[in-house]
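This report describes selected features of one protein model. The sequence and structure are shown first, and the description follows.

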Amino acid sequence: MNRSKSFTRKIAYIAAIALLLLPLAAISQPAAVDPDRADGGSPGGKLAQLRTEYNLAQAELGEIDPASETMKLATLGMRGPAANILWAWAIHYKKVEDWDKLESTVQQIIRLQPNFLEVWDFQAHNLSYNVSVEFDDYRMRYRWVKEGINFLILGTHYNRQEPGLLNQVGWFTGQKIGRADESKQFRRMFQDDRDFHQVFRENGIEVDQFEALGLNAKPDNWLVARLWYNKATDAVTFGDKPIRGKSELLFYSGSPMSRINAAAAMQKDGLFFDVAVASWEKAYDEWKNDYGNRELPTSQGYLIRLSDKEPLEQRLVKLKAEVEELAPGVREQIRQDKLDKLSAESRAALEKPASERSGEEFNLAYMAGLETGVTVQEIYDRAGREARPRLRTLVEQIQSDESQIETIGRNRQIVNFEYWRTRCEAERTDQAQRAREDVYEADRKFASGENFDEARQQYERAWDAWDQIFTKYPTLMDNAEAQDLIVSIGKYRDLLGQLDERFPLDFKLNRLLDVHHEGQELREQVRLLHEAAGPAAPEAKPAEDKPAEDKPAEDKPAEDKPAEDKPAEDK
């Protein structure tokens, strides 16, 4: 009886499967092109029609690879597990440093998952960053960096005009070549890599155009990266492609930042004044105007522009002044009422000067300041009835502006907008160019071991200029870019050591050194050296005064002799 039921159940399952195959075959019927038909062919089943409607067909996404399609069919619906197995093997080959098998395994993965963007991003990063560092020779490292970039470019073939992949090609071309420890060698090799340049040309990036040329009229990796960023932006603007995996704030910052990095790299290569200033002028315009005035979405549901913060703050001051005119004395009255409600300890801490507060008093004063703050809404609630209509409009505008200012400020911090705007503004001046040239030449002379006196003069002339620049643009000291200058200050200390002189304790750029950890360490080393050689410090001044001391020394015996003669006369 049980065998009969089991057999019947199996027959029912087989019949159900057979019946399900009919609708599956109907909805998965592929589209067909037939020039003899009036409508041009069959639209296919429901799945084919959906792929056509949402542009999900492989022909719409990118190139059709026969090998890729064959592998998909050969897995018989097990493409996911097969891809997972290959990913595991790729990780294994990386651990055992079998680079040839790793490369072939990655090629198999992309055949199975050509439209899964994470495959291209992850494996390109694996090749350019993780594999390249396994080699000691920088030429081999450069070769694997290129492999990662070529891998991403191949991904743009399977995923036509995909902004995320185009943006990543720009990132790898700029950051991995221009920011690596071997960036000096990588940039030089990129400039002369004609085969690599041809790959870019074949993919729509004209590396020979003026906008892509840097030192010696050769392609600059930062400027070539900028062309890739622009191509990604065009894919969004004209190709109506969505931005995936990255916020628009970061996505659109790539192009102007590449221009800034190119200008900074030119100075490191020894290009100053006309060439560098022109590059910084373009960088300033692209960062402040093009990027700063671009409308960017926010999580609050409205659009912002990074350059709107200062105009909004100016308008906010005028609006608040108008509120005070419409409700004179109301703010002070509200604040006084809140002060009266504070505890004696909190009020005493608030009235005490900040420099004299203890830790507990500082916390009490901070909380008291929050509790006694007065909002425009509170002023509106207590204002007279005749002023309320206008106050209502002002309050709504002030609250809206304050919300936008806060949102713009947070987004500015993410991309360090204010620092780079100030940096572009400062670098355009002749003073900054002269200071950087002096540091560059002094570093070069110190490294070559010649003309130490000239190097010292150039260093000290540069420190005077940088002292004035930092006074005018104090935000320039806060960024990690300033650490390059700290490295040169360390060389200046070593140069003074070669000249048997001490690094001054009252160095002009001590405020810069105090901002960064490396600078603090340098100052501590200098302090310890001064303490260890304490007696030598005052000897420098008496060395010049010795002749003045010797003269009285000669006169004293002359005075002493009469002192001895007098007792002789007395006797």
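## The loop at Glu134

In this predicted model, Glu134 is in contact with Glu97 and Trp99, leaving aside its neighbours within four places in sequence. Glu134 belongs to the loop that joins α7 (117-131) to α8. With a relative accessibility of 37%, Glu134 counts as partly exposed. A separation of 9.9 Å lies between the C-alpha atoms of Glu134 and Lys94, which are 40 residues apart along the chain.

## Other loop residues

Asp193 is located in the loop between α10 and α11 (194-202). Its relative accessibility is 10%, and Asp193 therefore counts as buried, the limit being under 20%. Once neighbours within four places in sequence are set aside, the contacts of Asp193 are with Tyr142 and Lys146.

Gln161 sits in the loop between α8 (138-158) and α9 (163-178), and Asp500 in the loop between α25 and α26 (510-515). Are these residues buried, partly exposed or exposed? Gln161 has 34% relative accessibility and counts as partly exposed, whereas Asp500, at 75%, counts as exposed.

## Overall composition

The protein contains 28 helices and four strands. Of its 571 residues, 38% are buried. When contacts between residues at least 6 apart in sequence are considered, 65% of them join residues at least 24 apart.

## Helix α16

Helix α16 spans residues 309-326, which gives it 18 residues. The distance from its first C-alpha to its last is 26 Å, close to the 26 Å expected at 1.5 Å a residue. Its buried residues are Lys309, Leu312, Leu316, Leu319 and Val323. An α-helix has 3.6 residues a turn, so residues three or four places apart point the same way.

Which elements do the buried residues of α16 pack against? They pack against α20 (376-382), α21 (388-415) and α22. On the face turned away from the buried side, α16 carries the exposed residues Gln314, Val317, Lys318 and Glu325.

## Helix α27

Helix α27 (residues 517-532) is made of 16 residues. From first C-alpha to last it reaches 23 Å, close to the 22 Å expected at 1.5 Å a residue. Gly519, Leu522, Val526 and His530 are the buried residues of α27. Viewed down the axis of α27, these residues fall within an arc of 75°, so they line one face of the helix.

The cover over the buried residues of α27 includes α25 and α26. The exposed residues His517, Glu531 and Ala532 are carried on the face of α27 turned away from its buried side.

## Helix α23

Helix α23 has 19 residues and extends 27 Å from its first C-alpha to its last, close to the 27 Å expected at 1.5 Å a residue. Buried residues in α23 are Ala432, Gln433, Ala435, Asp438, Val439, Ala442, Asp443, Lys445 and Phe446. Among the elements that cover them are α14, α15 (274-291), α22, α24 and α25. After α23 comes Gly449, which has a positive phi near 75°.

## The largest pocket

The largest pocket holds about 1300 Å³ of space. Its lining consists of 41 residues, and Ala264, Gln267, Lys268, Asp269 and Asp484 are those that lie nearest its centre. The elements that contribute two or more residues to this lining are α10 (183-191), α14 (254-268), α22 (417-427), α23 (430-448), α24 (452-472) and α25 (483-498).

How many residues of the lining are nonpolar, polar and charged? The lining of the largest pocket comprises 19 nonpolar, eight polar and 14 charged residues.

Terms used. Residues numbered from 1 in each chain as written. Predicted model: local features only at pLDDT ≥ 70, side-chain atom pairs only at ≥ 80, totals over all residues. Heavy atoms only, no water. 1 Å grid on protein atoms, 1.4 Å probe; cavity = no way out; pocket = protein on both sides within 12 Å on 5 of 7 lines; lining within 4 Å. Points joined across faces, edges and corners; volume = space filled by probe spheres on them. Nonpolar A, V, L, I, M, F, W, Y, C, P; charged D, E, K, R; others polar. Expected span 1.5 Å × (residues − 1). Buried < 20%, exposed > 50% of the residue type's maximum accessible area, 1.4 Å probe, protein only. Contact = heavy atoms within 4.5 Å. Arc of directions from axis to C-beta.
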